[in-house]
Amino acid sequence: MRDSVSILIGGKAGQGIASIETLLTKGFKRAGFYTFSTKEFMSRVRGGSNTTLIRISKNPVNAPVYKADIFVPLDTNAFYHAQDRITKETFVIAKKGNFECDCTFYDHDLESLAKSIGSPIVSNTIAAALVFGLLGCDVKVLRGIVEEMYPNELLEVNLKALEIGAKLGEDNGSCLYCIEPTLSATQTKDFFLSGTEGVGFGAIAGGCNFISSYPMSPSTGVLTFLAKQSQNFGICVEQAEDEIAAFQMGLGVWYGGGRSITTTSGGGFALMGEGLSLSGITETPMVVYLAQRPGPATGLPTRTEQGDLELSIYSGHGEFPRIVLAPGDPKECFELARSAFELADLYQIPVIILSDQYLADSYFHVEQFDIESKQPVHHIVKTDVDYKRYSLSDDGISPRGIPGYGEGFVLVDSDEHTEEGLITESMSVRNEQNGKRLKKGELIRNEAIFPEIVGEGEIVVVGWGSTKHIIKEALEFINDTNIASIHFSWVYPLSEAQLAPLRNAKQVITIENNATGQFAKLLKQHGIVIYAHILKSDGLPFFVDELSEKLVSVLKEIR
Amino acid sequence: MTTRFDRIVEDNAWCPGCGNFSILAHLKEALEEMGLDPLQSAVVSGIGQAAKTPQYMSVNMFNGLHGRALPVAQGLKVSNPSLTVIAEGGDGDMYGEGGNHFMAAIRRNATIINIVHNNMVYGLTKGQASPTSQRGFKTPVQTEGVHVEPFNPIATAISLDASLVIRTFSGNKEHCKAMLKIAIEHKGYVLIDIFQPCVTFNKTNTFKWFKDNVYELQDDYDPTDKVKAFEKALESHPFPIGVIYKGPPKVILEDALRDESRVGDKPLYSSTVDYQRLGIEMEKYI
Ligand SMILES: Cc1ncc(C[n+]2csc(CCOP(=O)(O)OP(=O)(O)O)c2C)c(N)n1
Ligand code: SF4
Ligand SMILES: [Mg+2]
């Protein structure tokens with residue numbers, strides 16, 4: 001019996017990897033396993049070579065591994081594409097002769113089998129059932145899912161395929177990969193969510209009622225998600241002519257009292273720079289979801305990187321406060337997307353939710369949680385005749401009025417302005433207003449979410465955003481009481497309270513999915529000394545096995 | 001005439017004699033005479049001399065960035081459709097920096113009065129060519145004169161089937177006010193391009209030049225005839241002024257987005273979150 005199994009499925013775009021993924025992930029979860037899935041794919045609609053990795057485990061599993069226990073290549077290219085991920089122990093399900101490897105072959109031509117029951121397209125169902133059977137799982141569970149997925153004339157042939165696959169799996173008998181289910185009946189009702197869906201639901205919970213975006217991978221998922229939910233939750237959706245307009249429309253919505261979000265990736269975010277700045281000086285709230293992919297420029301459109309932290313912190317001319325949030329899993333995506341709206345509204349600033357392709361496209365087991373059903377607080381005042389949009393106040397926050405609600409005018413200005421909101425070039429007013437805006441930065445710092453700390457060791461491993469669970473599992477694997485890990489989900493601005501645990505550390509090791517250690521640079525600005533950086537920027541996320549090795553070698557140096 | 005849209009302005013940044021003063025006066029009077037409530041009206045503007053107009057009015061104002069008035073105005077209109085929303089700026093602002101937004105706004109057809117002060121020059125930045133500068137117009141940058149054909153906003157708007165396309169002249173008070181009133185009353189997008197002399201940086205297209213180079217469309221002109229409207233749009237020296245094109249009825253942005261999302265008429269600030277529904281939707285992701 002095993003504690004966890006990793007299953008890799010490879011094939012061309014359009015070959016049906018996604019349907020195997022759906023069948024298996026749903027099946028495994030219902031059969032009682034902690035399940036995780038992630039994908040890497042090329043930037044093309046047809047062809048190429050893509051893979052999906054599914055992991056199941058007796059314990060919570062929320063991160064990818066590099067090496068595959070079971071590999072299902074749907075074509076020859078898939079085999080070569082994923083060659084490095086195969087070991088002696090890998091069980092490869094494919095027709096022998098098509099490829100060579102020092103691995104365990106399960107010689108079956110799934111396509112011919114599918115053809116023999118009349119439909120080549122059901123080879124995916126055979127593959128899924130075969131894997132299911134190999135792991136000793138109850139095929140009845142899978143049957144239920146097939147019935148849900150194919151309620152039409154395709155059902156019968158798929159059920160046939162299911163039986164063939166399951167039988168092949170069982171016949172293999174050795175139970176080399178068998179694994180005992182652990183989830184209770186209630187746990188099988190936990191959520192199975194991607195980062196995209198986490199952000200989408202969080203935005204809804206935060207009262208989002210408008211989205212305007214220009215499509216760009218890997219952010220588009222949130223746009224389509226909210227479009228799909230539009231009627232359920234009264235969300236106005238408009239595809240903008242460009243990212244500049246997407247952001248500006250959002251500002252118009254907030255100015256009128258609505259709550260809007262825009263979604264983009266680095267290239268589009270670069271175009272939003274002036275908008276961020278406008279949000280800053282006009283003190284108009286705005287929420288941006290920035291799903292990173294590797295740059296510069298078009299870079300690797302469908303792959304992952306944490307390369308835009310600095311862009312999100314420094315983009316926009318002039319000086320003004322902002323918040324950058326970097327969730328580490330779909331639950332945090334939900335929570336932080338929800339609070340992004342509250343924070344933007346309360347402090348009248350832009351708030352950026354920083355995710356990436358890996359987190360956006362990966363599915364996690366998320367424990368059921370209560371959605372607090374407290375309506376969002378709109379920090380809006382009814383204006384009176386003497387209303388001044390930018391009245392000076394102790395904390396820097398001026399009560400925000402909106403046009404048409406009250407007896408006063410709401411004047412907002414991208415020029416430096418008086419308390420009333422009219423253009424001015426008075427240096428003293430400039431200093432007052434600039435000071436007022438920057439003062440909010442101090443309040444915001446006090447709100448900073450404390451990082452999550454695991455362990456008590458003197459050597460501290462630091463991560464932020466999507467690497468959270470990869471680091472966690474790598475450290476569990478290394479199992480060294482001398483190491484603690486700290487994960488930041490609130491990455492900007494940093495507070496002294498957040499940094500304190502790092503100041504006491506003997507050595508700090510930063511782990512980032514980029515080439516230059518952008519968060520490490522930020523920490524250094526705060527006087528944190530970094531002992532070592534572990535970086536990766538090839539377009540893929542870290543893998544637990546890979547990261548563990550890298551960590552072990554850094555730890556060796558320390559000792 | 002005094003209006004409820006008047007503001008006491010101590011320090012106006014426009015040059016004496018500038019056509020912007022007339023446009024400001026005509027606009028305030030037109031709004032007043034149409035019975036609009038300043039508190040329920042908003043002027044969104046970009047950056048430039050023209051874009052300073054709302055600074056000199058009693059009205060809600062969003063003075064945003066160069067070129068970006070239209071997207072902000074559209075967002076505002078969807079956010080609260082009961083507001084009267086004007087997007088105002090210069091020829092550089094709307095047709096140059098904001099050119100893509102101009103085309104998209106025409107097609108989206110939100111109820112927005114898009115007022116463009118067309119002085120055929122960049123005023124605020126001291127006299128460079130604008131998209132509407134005429135060929136041969138010399139500037140410190142275009143030292144040998146502009147060598148491209150001017151952008152034709154009227155023809156462009158007609159080709160995109162704008163809901164309403166108007167041209168007028170700041171120096172013709174009656175006409176300009178009458179046109180503004182037609183624009184204010186219209187449901188859907190309106191382009192109102194107003195010829196406006198810049199006394200400081202455009203010594204070619206002066207008050208007299210505009211006066212000599214425009215003529216009013218007669219009552220028998222039918223603005224619903226698209227091909228005729230195109231012909232009119234291509235005429236120059238003299239340029240026709242009046243309602244040049246009136247498109248067939250079409251979908252209005254704020255109505256469409258609100259129908260599609262079932263938001264109804266209420267402003268978005270009064271929306272609440274259906275948490276029970278959220279729970280139900282999330283249950284589908286188990
Ligand atoms: C992004 C950006 N680019 C350039 C400018 C400088 N700028 C301000 S107004 C303007 C052009 C003004 O011309 P127009 O829109 O025709 O207005 P006018 O002053 O003639 O009324 C320019 C280039 C700016 N403010 N922002
Ligand atoms: S520069 Fe030209 S447009 Fe600007 S205020 Fe002076 S005259 Fe008017
Ligand atoms: Mg101009």
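In this predicted model, D91(B) has a relative accessibility of 2%, which places it among the buried residues, since buried means under 20%.

- D91(B) and V121(B) come from distant parts of the chain, 30 residues apart. D91(B) belongs to helix α3 (residues 91-97) of chain B, whereas V121(B) sits in the loop between β4 (113-118) and α5 (153-159) of chain B.
- V121(B) is buried as well, because its relative accessibility is 2%.

**Y215(B) and its contacts**

- Y215(B) lies in strand β7 (residues 214-216) of chain B and is partly exposed, with a relative accessible area of 26%.
- Beyond four places in sequence, the contacts of Y215(B) are K232(B), E235(B), P238(B), F239(B), P240(B) and I241(B).
- With E235(B), the side chain of Y215(B) makes a polar contact of 2.6 Å.
- P238(B) is 23 residues away from Y215(B) along the chain, and their C-alpha atoms are 6.3 Å apart.

- In soluble globular proteins, nonpolar side chains tend to be buried together.
- The largest nonpolar core here has 172 residues, and the members touching the most others are L226(A), L502(A) and F519(A). Helix α14 (residues 330-347) of chain A supplies the largest share of this core, nine residues.
- Leaving out residues up to four places away in sequence, L502(A) touches V460(A), V462(A), I486(A), F488(A), V508(A), L523(A) and I528(A).

**Seven-stranded sheet in chain A**

- Seven strands of chain A form an open sheet with mixed pairing, in the order β9-β8-β10-β11-β13-β12-β21.
- At the edges are β9 (236-239) and β21 (490-492) of chain A, each pairing on one side only.
- On average, neighbouring strands of the sheet are turned by 25 degrees against each other, direction ignored.
- Strand β8 (residues 210-213) of chain A runs parallel to β9(A), and four bridges join the two. Within this pair, S213(A) has Q239(A) as its bridge partner.

**Strand β1 of chain A**

- Strand β1 (residues 4-13) of chain A has eight of its 10 residues buried, so the rest of the structure largely encloses the strand.
- β1(A) is antiparallel to strand β3 (residues 47-57) of chain A, with nine bridges between them; V5(A) is opposite I56(A) in β3(A).
- β1(A) also pairs with strand β4 (residues 70-73) of chain A, in the parallel sense and over four bridges; L8(A) is there the bridge partner of F71(A).

**Strand β5 of chain B**

- Six of the six residues of strand β5 (residues 164-169) of chain B are buried.
- From β5(B), L164(B), I166(B) and T168(B) point one way, while V165(B), R167(B) and F169(B) point the other way; all are buried.
- Six bridges connect β5(B) with the parallel strand β6 (residues 190-195) of chain B, in which I194(B) is opposite T168(B).

Conventions: Residues are numbered from 1 along each chain as its sequence is written. Chains are lettered from A and ligands numbered from 1 in the order in which they are written. This is a predicted model: local features need pLDDT of at least 70, side-chain atom pairs count only at pLDDT 80 or more; totals for chains, interfaces and linings use all residues. Side-chain values use heavy atoms; hydrogens and water are left out. Buried means under 20% relative accessible area, exposed over 50%, partly exposed in between (1.4 Å probe, protein chains only). Contact means heavy atoms within 4.5 Å. A polar contact is a pair of N or O atoms within 3.5 Å; within protein, one must be able to donate a hydrogen and the other to accept it, and residues adjacent in sequence count only if both atoms are side-chain atoms. A nonpolar core is a set of buried Ala, Val, Leu, Ile, Met, Phe, Trp, Tyr and Cys residues joined through side-chain atoms within 4.5 Å. Two strands pair if DSSP finds at least two bridges between them. Axes are lines fitted to C-alpha atoms, for helices over the stretch in contact, and angles run from 0 to 180 degrees between N-to-C directions.
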